[in-house]
Amino acid sequence: MLVVVVVVGAVAISMRKTTPAENRVVKNPDTLVYETIGEMESLDPAWAYDTASGEVILNVYEPLLLFKGGSTDEFEPRIAESWTISDDGLTYTFKIRTGVKFQNGDILTPQDVVYSIKRAMVQDRDGGPVWMFLEPLIGVGTYSTRDSDGNISIPFEQINNAVTVEGDSVVFHLKQPYGPFIQILAQTWASIVDENWCIAQGDWPGTAETYENFNNPQTPPLQEKMNGTGPFKLDRWEHGVQIVLMRNDNYWRTPAKLKSVVIKKVDEWTDRKLALLAGDADFVYIPRANVLEVENLEGIRMIKDLPTLAADAVFFNFEINDNSEYIGSGKLDGNGTPTNFFSDKDVRLGFAYSFDWDTYIREALLGEGKQPASPVIDGLPYVDPNAKKYSLNPAQAENHFRQAFGGALWENGFKLTLLYNTGNEPRRISAEIFKQNIENLNPKFSIEIVGRDWPTYLRDMVAGNLSMYNLGWQADFPDPHNFVSAFMSSGGSLSMFQHYNNPLVDNLINSGIIEPDPAKRQTIYYQLQQIYYDDVPSLMIDQVVGRHVERDWVNGWYYNPIIPGTPWGGDYYPVWKGY
Amino acid sequence: MESLSNRWNKFKASMAPRVRELKFSLRRIKDSPLSIVGISIIIVFAAIALLAPVLARPQSSRDPYLIPHEGFSPTPRPPNENHRFGTTQGQYDIYYGVIWGTRTAFRVSILVVGSALLIGLVIGCIAGYYGGIVDEVFMRITDIFLAFPYIILIMAFVTAMGASLDSVLKALIIVWWPSYARLIRAEVLSVREEDYIEAAKAVGGSDFRVITRHVLPNSIYPVLVMASLDMGAIVLTAAAMSFLGLGAPVGYADWGQMISFSRNWIVGPPGNPFAYWYTVVIPGLFIFFFVLGWSLLGDAFRDILDPKLRRR
Amino acid sequence: MEKLLDVKDLVVRFYTYEGVVKALEGVDLVIKKGETLGLVGETGSGKSVTALSIMMLTPPPGKIEKGKVLLKREKKYVDLIHQNEAFMRKIRGSEISMIFQEPGAALNPVYTVDDQVSEVFLVHRREALCKKVLEGIEDDIRRKKGGFSPKRIILRWERGIYGRMLKNPDSFLLKIIQRIPIIRRYQRRLKSEARKMTVQILREMEIPNPEDVVDRYPNELSGGMQQRVVIAMALACSPRLLLADEPTTSLDVTTQAQILDLIRKLKGEFGSSVLYITHNLGVVAEMCDRVGVMYAGSLVELTDVKKLFKNPLHPYTKALFAAIPKPGKKLQSIVGTVPNLINPPTGCRFNPRCPKAMKICPKVVPKMKEVRKGHFVACHLY
Amino acid sequence: MRSYIIRRLLLLIPVLLGIIILTFTILQFFDPVQRASLYVTNPRQFRDIPAIIQKYHLNDPVYVQFYYWIKEVLRGNLGWSKSINLPVTDAIIYFLPATLELFIFAVPLTILIGIRLGRISAVHRDKPVDHVTRGLAIAGYSLPTFWLGLMLLMVFYGFFSGLFPPERLGTAADAFVNSAAFTRYTRINSLDAILNLKPWILLDALRHLVLPVITLTVVNIAFVMRIMRSSMLESLGKGYVVTAKAKGLDEKTVINKHAGRTALIPVITVAGYLVSGLMAGAVITETVFTYKGLGWWSVNAAIQLDIPAVLGFSIFVGTIVVLTNLVVDLLYAYVDPRIRLG
């Protein structure tokens, strides 16, 4: 019996592998080709805040330390040899590695490290990543070096004193404890650049006099050039076409196995697919709609169920703009919605109970996602394992809608328009689901769904015209603070447009970040998660699960949700091709 | 009575040449197989447009131009008994889409050609009839429009007005009138010097009267030809806009958009490359034949009405 | 005198969209060797069509329905209607050629005079040209005596080519070679020879300093000059029959006179017969030996000039003469209008306008009869 | 002659001015936030939207914006194309060769085939041949460019996958072209390949060109053919054609030499329109085949509201079209002595 099984198994295996390992050819074995859609913004580490740029910077520059493999809470040294954090969590000391060379041959010194961080803070462009330095080093709540009129408002001393050289070490002086600071330092915006080289490129000379001139430039000084300490160096950037990286042969660790990495911008899925099938591309980005097309094909490895640190939510607008074109009459008269529609908790609950996560995840995400209970999503610390979630429940929905506005809503019904940004299928589908389930409750309820291109969607969202809006968030650093502040605080990047103002929440968020004691932090974040469920300021729609696809001759790729470019690309240092 | 019959005869006499022209043209059309094909194609489409509610019954009371779809699954499904032409990305029924798409096509082309023609006529006549500085100004303006590759201009306008079918309509009108104005002007210039115009002026007819009664009738033909050719061209452009994602909203019955749906499905799984052929081919054929119909007709007209080629 | 061309019962119809235009209805005419036959009639009476049909160039959608066009070639008559295109091409421009009404239109605006006149020689006088060229080459070779030089090789090669051209003018090889850029330069010699002949013929046309005119474009020449060029093309190969279709109508009076003299003179030199088409009786009087009068697509009267002018017989002819303005005499125009030829009057086509019309006229088509010696008329009066 | 050219060049100014004004009018349709969206690529930047608007003068009155823009233009700087993160002028220089390469092949094809077809159908007017050729040409013209492209892709990806790939070069060829062993004189790959004597590069480049060129040509032939046909019909009826026949010339000479050459003139006169027609075609074709040239860039720019890019592109194309028309007129004079000397 057992014999049979073994035989069958053997046969099965041998059938799966039609060609034996040894005589299988690897297409261009020392070059890795990754075809994707994103267009890089900039090669300047202090400027780049998009994953496409981040991915390249990650492979050319190095920060003091990096996340260890796939983990989001352990670190391994890079430019730093070792580090210590004072008990009060205010002083971070990094011992700088010696004998590290920049790609142009310069030797890396602690001064370079200090320059890199200061330079970033001096540059601090609008919409850049540098706020992550400002909050810990200048003070929580400081998101920019400028005031609302765009004039520089942070005196140079503050920047200058924030980080200092002490012997062969570099010391960071925090304004207050900031739990995730170490995580922030482990990323591309904390990349170490070569001071002399930068100055030679016309960058900030490191003096107080001129720092204002280098603040918030039109285009970054290192837009097109790179000189890092990392495993790869920039060969060329053909805008809109591709970027080519070459191995750095005198890397301070053993040089990378790949000779070159080509990241091509290929807009059309069909083109990427054919390249993958032909073996011309080793990694490709696949739109979720098409993932099934390349499943279990010979020569292609599909790695599934990769947990991401990205979540999508729909935000209820508590005070819709009076002259919004999407609320009909603007009154509770059946052919419109009042501007304070969603400030009534029953309405929010009604919507919450009308969303069908199962259908949504099945249809829109093809099963590759899950329903988070709150902004504190899986993969982050301090997730409350038994946080409550909403689920489709027409009965509940109905009785909440009946209670809303003292029954007036149920009487008169309402009419409102849901927008989604064209091209984003999941969001359209989520809107369709709301429409279906809510219109079924009461013939007087009617929801119209309209697609708008992103610029228009953005305009209406900023203007407060949208009654509800979908937005997604991807972790800057794997800490609850990054999420709760964005999703819940009154001034949060996502929540700022919904006019949800809960002082308690804001206080909790602020105290949570400066709290050094993990136990205390946990209670704070648990409390926030509870409030989120009770108050439903917004509704978590999904936390997607990622995939990675590669030719089966690729080895060594690893997944870390916080590394830019993952799950499709990522860190190319350990990657090699062959059977 | 006497005088009336008299007048009638006069009228007949005066109309005789025009009538002959018409008869002649009609015969030419009859004799040219291409134009016959063109006309019949257009008739078929017109029928489809009119019978749309019968051919593809709209579900419930919602806007009939929204294509019905079962579920949201992205993968297209091949033709089957309840989806004659299969379903495209997002499970939209292709059959329903193309049928109602015909109406969209007619609406777009007629609206655009009509309005553009009107603007073109007015401006062209004024420019050509009065000449001088007026003419100069208008023609420089048209220069500007014609110096652009129109697609870019339309794209710019559409993005400006926010991607939607209406924006495409408006943009098309804005971009299309100059070519008509140009043509009309040229024609008007050529007839302006004719004796009968001089005569009409001499007997003190008002400019408006002269233009409408004497200038236009004698300069309208080539413009009509162009218009009929454009009916197709406009649908092409509109479709292109939808294809670039600047046109009709998702799920709206519009040929161009249905093709854009198929963009990701032109190649099937390995071993079965044409698995999703229907998503590409079917809507495309509809556009193609619609345009073909108008172009054939227009081309025949052009040949017939071209005074240089008449008789021989 | 012997007949050079004999047109028998020629019927030409145009199949237009309005209907069938009966352009020529049974035209008979004979052109004797060396004579000038005039052809008069109103515009649209079919004069030009007759001429073109003789060259088998009836403009589309016209068709020659029936009839014969007999051309005498060494002793025997060939019916041009039943000849193939190739044969006709040999005839055209060499044996029968034509002068047109509008010299401006007859000349191609985008080619120089040389281009257009030489063509005739290149088509019809190829052998002669080749011979000349060969002689030229021989001299050159003789002049370049002794020693090896690329020039010599080229010369030898050219000699070969032209030899072949002489042997079989339309050999496949040549057809190919004359398409290959650089190599086809050998044709220059041919062209220059043709050019010489062109200059020669232009001189005979009394064109002042022809060496300069050859390189001009038609629009640089006066109407008279243009017409001379056209005539040059026509007479280039001294044809036996020249069809002159109102050659002077579009010219001013003085030039007219010059052109007429020229034609008369050349006729003498080249000894060719002329079919002279015009509506100007004055011109007829001074140019022609015999005259045919055409009306609505058929010949109504045919006789020699003096007879016709002395006493025209056909009512239409009479009317024509009456229509010539004479001092102190009231001008009388012909009543009615030229009939439309899609559905022409039955019987005698002139009957609706004829002052002497009889019962029979609308019924029977009158035959040509010789009422007096050498005076033919198609009318029921006689 | 010179004065004529100068006059024509001066005519360029109002047109360009018009284009700029037109584009700035379009600009006014946009809300500042909409235009800021180009700089706001992820939600983490929402907080800075007001700052960004202020930084790039997105909220200033139009004349101020115009001032900022024109000031730069006079410095020879057409602005920054955010959609591909390059200065607009660089972007044009950078994408032009690709489009040029496309035209180098498409234009002659279009014209030659178009003329030939036009001649044929004119000579056999209202005969079957005529109907067939015309039918074909019109069919080509009626094909939606993008659909034709997709169909070709469907067939050539589906069946002979890899035979005619998208983009401009294969991976290997691309690597080589950018290596030190290869000098890019013109950045027009096929041309450089010849200059570098690298047949395999040439072959690769051509393979990538086949489909776009076919698409572009098929769609534009009808335009040329129609004009050629009618002008040919016209000149076939001319007196000098009869003369030519009367000379005893054979059919071919009569048609090609005498009727043909004069018939060409109208075709030349529309070359300007042909260019802008091809440009429009290129926009779609390049997008469908992800053939990264000016057209592809302009579409991306327009969709992403990359205003400086759209402006720059429009000005560039506008200039080209006007210049072509100028060249056309000169050519015209050359072909038709009546104009040259008259």
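## How the chains meet

Two residues are in contact if their C-beta atoms, placed from the backbone, lie within 7 Å. Chain A and chain C do not touch, and their nearest C-alpha atoms are 43 Å apart. Of the five pairs of chains that touch, chains B and D have the most contacts between them.

A word on what you are looking at: this is a predicted model, in which local features need pLDDT of at least 70, side-chain atom pairs count only at pLDDT 80 or more, and totals for chains, interfaces and linings use all residues. Residues are numbered from 1 along each chain as its sequence is written, while chains are lettered from A and ligands numbered from 1 in the order in which they are written.

## Chain B and its neighbours

Let us start with chains B and D: 51 residues of chain D are in contact with 43 residues of chain B. Helix α7(D) gives the most to the side of chain D that touches chain B, with nine residues. Helices here are DSSP runs (H or I, at least four residues), as are strands (E, at least two), numbered from the N terminus. That side of chain D has 34 nonpolar, 14 polar and three charged residues. In these classes, Ala, Val, Leu, Ile, Met, Phe, Trp, Tyr, Cys and Pro count as nonpolar, Asp, Glu, Lys and Arg as charged, and the others, Gly among them, as polar.

Chain B also meets chain A, where 16 residues of chain B are in contact with 23 residues of chain A. The side of chain B that touches chain A holds nine nonpolar, seven polar and no charged residues.

## A helix with two sides

Now to chain C and its helix α6 (residues 150-167). In α6(C), Glu158(C), Ile161(C), Tyr162(C) and Met165(C) are buried (20 or more other C-beta atoms within 10 Å of a residue's own, with C-beta atoms placed from the backbone; exposed means 12 or fewer, and partly exposed lies in between). Seen down the helix axis, the buried residues fall within an arc of 95°, so they line one face of α6(C); the arc is that of the directions from the axis to the C-beta atoms. Their cover includes α5, α7 and α8 of chain C. On the other side, Ile153(C), Arg156(C), Gly160(C), Gly163(C) and Lys167(C) are exposed.

## Strands side by side

Strands β1(C) and β2(C) pair in the antiparallel sense over nine bridges (pairing needs at least two DSSP bridges). Eight bridges join β1(C) to β4(C), also antiparallel. Val12(C) has Leu24(C) as its bridge partner in β2(C) and Ile64(C) in β4(C).
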